[in-house]
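Here is a short briefing on one protein model.

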Amino acid sequence: MQPKISHSLYDFGYSASFAASFLSLTAQRPDRALAVGRVTFQSQELYRLLTEVGELEACPSGRLRREFELPVVGDWVVFSPQDDGVVPIVGVLPRKTCLSRKVPGEATREQVVAANLDTVFVVMGLDGDYNLRRLERFVVMISASGAQPVVVLTKADLHADPLGARLDSQAAVPGTQVVAVSSLLGEGLEPLRAFLGPGATVALVGSSGAGKSTLLNRLCGSRWMRTSAVRASDDRGRHTTTHRQLVRLPEGGVLIDNPGVREIQLWADEKDLSGAFEDLETLARSCRFGDCSHRDEPDCEVRAALGDGRLDPARFENWLGLQKELRHLERRRDVAASRKEDRRLGRFYKRVQAEKKARR
Ligand SMILES: Nc1nc2c(ncn2[C@@H]2O[C@H](COP(=O)(O)OP(=O)(O)O)[C@@H](O)[C@H]2O)c(=O)[nH]1
Ligand SMILES: [Mg+2]
Ligand SMILES: [Zn+2]
């Protein structure tokens, strides 16, 4: 049995607007007793929920599986309480923010990796991991999610000039706060604490080995509530031991370690580039032509900035590359959407034909 939580769900991110959604959802199901919980862990069909009566194991109902994409870590879900055993999840409350990527490979589909994040720490090590172009990509991805990105450069103790690195990173993502820390020495962490606390949801993303788990442990110390590991079956029916992905802090607030975004396949719009490239967009607005390609047009402010060293050429190339990628994605999304609509209409006409035939 899990220890009872002495906090209210509001300390872990619940809010008046989630409560309103919950009420309108329960009003549609007056026949059932329903309760709300937050997904702390997901592995295939097995879920764990943080609820008012402690942590519960849960599983999406058949109807939810058919009608909605499956809930993810951070979601607030509606479940039907049981006396014992696994509780069925019957609904997902509308998300406040939603961190998504394109599914890996050729398919043009969105994959939601975490929901209802307020802040995302983009964790990057000041060692071999350090890469400004990847940083720009991450910030675009998080801007698209609706959450606030904060860049955390870890392993400052391994770098000869951490302040210089911080300034370089700051130039790559001008609108975003950049912090350099050493989780090893416990240095520079103070600015991060402003984002934690009752009601706040913070996720850590970054490549493997960047220092996410070490940072999480530093931020929580021994103060995060260790609870027993989750026993889950893998797809071959073996039992594997996994740990919850969302941890709660005793003073309220939650941290999510690595919601699976090591490789960044963007699922974003061109407008989401502003999060990382506001300065470039400002420059581009001063070009003589509104549709300037910044290659060889006259009176191009972007080229002028490249010429006098105000703009890093690698950053400029990454901006062009991301623009191209997002335009391509938009076209593919349009095609995918119209194919889906075609399939839907196809099914509709088939049904109409079948009904006609049955009536004859
Ligand atoms: N020197 C130093 N090493 C660190 C720091 N943070 C993490 N590490 C080391 O980097 C390695 C990967 O860290 P980990 O937190 O597991 O990375 P994750 O894969 O992002 O969770 C571990 O060996 C850590 O001890 C730091 O601030 N300084
Ligand atoms: Mg880790
Ligand atoms: Zn231009």
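**Loops, a helix and a helix crossing**

Asn116 sits in the loop between strand E7 (110–115) and strand E8 (119–125). The model is predicted.

- Most residues other than glycine have a negative phi.
- Asn116 is not a glycine, yet its phi is positive, about 60 degrees.
- Asn116 has a relative accessible area of 2%, so it counts as buried, the cut-off being under 20%.
- Lys155 also has a positive phi of about 60 degrees and is not a glycine.
- Lys155 belongs to the loop between strand E9 (148–154) and H4.
- Lys155 is partly exposed, because its relative accessibility is 22%.

**Helix H9**

- Helix H9 covers residues 313–359, which is 47 residues.
- At 1.5 Å a residue H9 should span 69 Å, and its end C-alpha atoms are 69 Å apart, so the two values agree.
- Asp312 caps the N-terminal end of H9, with a side-chain oxygen 3.0 Å from the backbone nitrogen of Ala314.
- Buried residues of H9 include Arg315, Phe316, Trp319 and Leu329.
- The buried residues of H9 pack against strand E6 (98–102) and four helices: H3 (132–145), H4 (162–172), H7 (274–285) and H8 (301–307).

**Where H3 meets H7**

- The axes of H3 and H7 come within 9 Å and cross at roughly 110 degrees.
- H3 and H7 are therefore roughly perpendicular to each other.
- From H3, Glu136, Val139, Val140 and Ser143 meet Gly275, Ala276 and Phe277 of H7.
- The residues of this contact are four nonpolar, two polar and one charged.

Notes: Residues numbered from 1 in each chain as written. Chains lettered and ligands numbered in written order. Predicted model: local features only at pLDDT ≥ 70, side-chain atom pairs only at ≥ 80, totals over all residues. Heavy atoms only, no water. Helix = DSSP H or I, 4+ residues; strand = E, 2+ residues; numbered from the N terminus. Expected span 1.5 Å × (residues − 1). Buried < 20%, exposed > 50% of the residue type's maximum accessible area, 1.4 Å probe, protein only. Contact = heavy atoms within 4.5 Å. Polar contact = N/O pair within 3.5 Å; in protein donor to acceptor, adjacent residues only side chain to side chain. Axes fitted to C-alpha atoms, helices over the stretch in contact; angles between N-to-C directions. Parallel < 35°, antiparallel > 145°, perpendicular 65-115°, else oblique. Nonpolar A, V, L, I, M, F, W, Y, C, P; charged D, E, K, R; others polar.
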